2 protein chains.
Amino acid sequence: MTTRPPAEIGMSLAEVDTPALIIDLDAFERNLRRLADRVQQSGVRLRPHAKTHKCPVIALKQIELGAVGVCVQKVSEAEAMVYGGVRDVLVTNEVVGRQKLRHLTALAHSARIGVCADDPAQLADLEAAAAEAGLKTLPVHIEINMGGNRCGVEPGEPALALARLVQDMPHLSFAGLQAYHGSAQHLRGWAERQQAIKGAADKAAMTRDLLAANGIRCDNITGAGTGTFEFETASGVYTELQCGSYIFMDADYGRNLDRDGAQTRAFEPALFVWATVMSRPAAERAIVDAGLKALAFDSGPPLVWDEPAATYERASDEHGRLGITAATNRLKLGDKVKLVPGHCDPTVNLYDWYVGVRGERVESVWPITARGAVY
Amino acid sequence: MTTRPPAEIGMSLAEVDTPALIIDLDAFERNLRRLADRVQQSGVRLRPHAKTHKCPVIALKQIELGAVGVCVQKVSEAEAMVYGGVRDVLVTNEVVGRQKLRHLTALAHSARIGVCADDPAQLADLEAAAAEAGLKTLPVHIEINMGGNRCGVEPGEPALALARLVQDMPHLSFAGLQAYHGSAQHLRGWAERQQAIKGAADKAAMTRDLLAANGIRCDNITGAGTGTFEFETASGVYTELQCGSYIFMDADYGRNLDRDGAQTRAFEPALFVWATVMSRPAAERAIVDAGLKALAFDSGPPLVWDEPAATYERASDEHGRLGITAATNRLKLGDKVKLVPGHCDPTVNLYDWYVGVRGERVESVWPITARGAVY
C-alpha cells in the first residue's frame, strides 16, 4: 500500500516524477553540521525532534554527529525510530490510552524510552503499564506550560506535586522537566524571541529550584526549537535542545529575523516539493500538480524557489495555481519547479519517500517510516 | 511502512486506538443509496469521484449500486482503482510527463481509461504514449473552464480547436467535455448554486452545439459535485455526475443551504476522526490527540460531534485544543470523541485505514490504497 518511489537512484532530478519530496543533500548536511557544531561548543545536549523528518535514516545521521537520541510526539513514531535502530527516544508528549501505553512500555525493552505527563491520572496509568510490562523504571518528564496553553501543568507547585507523585511510584522515575516554548518559535523579531525564552527559562529555573528545595533533583530541562535554541543554549537553565526543523527549514521559519533584522540565515532551505506545470490555460497563470495533498498550508503557501516572482496563489486538492505575471521564467507546460513548503513537518507527513539529490543527480531514496504515525 | 490498523474487527468503538478514521456504516450506506436512487430516476449516469475515498472497496460498492465507473485526479489513483478491481476510470485531469503517461497507457490494457486535456502539447504527448503502448484508442475529454480559472480551455472555439486535434490523432478519440464547476460547490445559497450551474450548463451546451455544427459528436458532458448535482441533473445538458463527498459529507459541505434556507440535509455526516482527550490542564480546555497530521484544516476546523458546544480552537501538528467552557459533557482525560472533518478528501489522505463501525462495533477495516497517490 505504500506509494511507489518517484525516483530511482542515479536518475537526473529532471526525470523524477512529481509531486516528490526532494532533499538538497548538500544544504541538508550543512544544516546538520551547523547545529551539531554549535551544540558541541555549548555544554548542552542535542536531542533533535524526529517529528520533523519521521525517518530513522536521518535520526541516525543526527546521532552520528553527537545527538544523544531523538524526540517524538507519538508512540507510533517512537516505534518507527526504535525499529530503525535508534536506542534513546523521548516522547515529548502525554500518552493516554491502554493500547498506546502497552506499545510504549513494550518499546522500553529495546531502547531507553522517556515520556511526559501533566496529570496524576496519567501517572497512575503509566505506573500500571510499566509494572505490567515488567519494566524496572520508566523515566517521566513533567511537562510545564510555558505560555502556549496547550498541554502542561503550571510551573512551580503544580509541577512539584506531580514530581512527588512520580517519585512515589515504584516503576517510574522522575527524569526532568519538559519545558518547550512552542509559541515562541515563530515570533519574528530576535529580541522578542529572546525575551520569550528568558521568561520560559525563569519559569523552568524556579520550578527546578523548588524541586531541589523539596529534595527532588532535576537533572534535565529539555525544550527549544529551531527558532529559539540559541537562547535556551545561553540560558544556563536548559540542558537539552529539541530542535527539529533546522535540518530542512521552511518558508515560515525563513520569515524569522536574525539579530541584524535580516531574514534568518541560521540554516538553509533543504526540503522542496518537486512539481510539474501541468496546465497553462492563460498567460497569467500556470497550474502545478501539487495542491493540498502534496503540501501543508497551515503556515501559508509555498514559495517558488526557481522563480521567486511567481506566486502560489491558490491550492485545491490536487492543483496549485501560480500567478506568473511578474515571473521572468515563463513556466512552460511540463516544466518542473521546486516549491519551498510553508511548514515542513506536516508536508513530510504526506509522503512515503525522500528523494535525496546531490547537484542534479538522485543519490538516495529514503523511506519515511513514521509517515502517518499518528497513534 | 504502512501504519498498523487502529482497530480489529469485532472490537467496540471505545477500544479503537486514536486518531482513527471512522465510517458510520449506516449513515454511509444511506448516503450511497440516496444518490444512487436519485440518479436512477434521472436519466444521467453516475461516475463518483474516488479522490474522496481513495479506496477500491468503496468504489466497487458505488458500482454495485449503478455507477458506471469512477473518476480520479491522478494516474496513481487510477492504478489503485484498477488494481482493486475497477474497470472504468476517468482521470478528470491533465496528465503531463513521461512516467505518468506510461503508467496511464499501461493501465488502459486492463480497464477503460479516459483522460482530460486542455493543450495541444498534451494531446501530442498522449498520442505518442498511446501509440507506444499499442493502444487502439485512448478516450480524451476536453476540459473547459467553468469559471474557476484553474485548468481548462475557454468554452466554444478553443474547445472546438482541441477536439479537432483529438480527432486528427490516430490513437486518440474525442469522448466529450469535462465541465466540472468546482467553485460553485460551496456557494452557500441554493439559488446561487443554481445560478452558477445554469451558467456552466449554458457554456457546455454552447460548446456541444458548436462541435455538432462542425461535425463533431459530443456524447458526454461530465461534471457536477455534491453541492450542485441536482442542478446538473436537471439541466438537460450534463450526461454524467462526478459527485464524491456525498458518501461522507464534511463540516464545510454541511454549511451549504437547502432550498428552504436550512443547512443541507441532502446527505449525512458519515466520516469522523476518532480522538482522545489526552490532557486536561485547565478547566476551560481539553487537548485532543488529533492535530494537523490527523485532520485537514483548509476548509476550517472540525466540529465536535459528541459535544457541539465544544469548539476546536487551535491545531498544532499533533494536538488540538478544544475550548469547553460551554460544553455540558466535560470531556474528561481519556474520553474519546468524534470530530467531523472540515474537508473530507485531504483528511482521508492522511490515513491508511478506514474503521467501519456499525452501532458501537467495528465491522470492517478497509485499506485506503490510494492514500498518498499524488503522482
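**View 1. Chain B against chain A, with about 5,800 Å² buried between them.** Carbon and sulfur atoms give 50% of that area, which is the accessible area (1.4 Å probe) that the two parts lose on being put together, summed over both. The contact (heavy atoms within 4.5 Å) takes 69 residues from chain B and 69 residues from chain A. Keep in mind that this is a predicted model, with local features needing pLDDT of at least 70 and side-chain atom pairs pLDDT 80 or more, while totals for chains, interfaces and linings use all residues. Residues are numbered from 1 along each chain as written, chains are lettered from A in the order written, and side-chain values use heavy atoms, leaving out hydrogens and water.

**View 2. A salt bridge between A:Arg4 and B:Glu79.** Here the closest N and O atoms sit 3.9 Å apart. The rule (a side-chain nitrogen of Lys or Arg within 4 Å of a carboxyl oxygen of Asp or Glu) finds 12 salt bridges across the interface of chain B and chain A.

**View 3. The open sheet of chain A, eight strands with parallel pairing.** The order runs 2-9-8-7-6-5-4-3; strands are DSSP runs of E, at least two residues, numbered from the N terminus, and two of them pair if DSSP finds at least two bridges between them. Strand 2 (45–46) and strand 3 (70–72) of chain A are at the edges with a single partner strand each, so one side of each has no neighbour in the sheet.

**View 4. Strand 5 (residues 112–117) beside strand 6 (residues 138–143) in chain A.** These two pair in the parallel sense over three bridges. Look for A:Val115, whose bridge partner in strand 6 of chain A is A:Val140.

How values were computed: Helix = DSSP H or I, 4+ residues; strand = E, 2+ residues; numbered from the N terminus.
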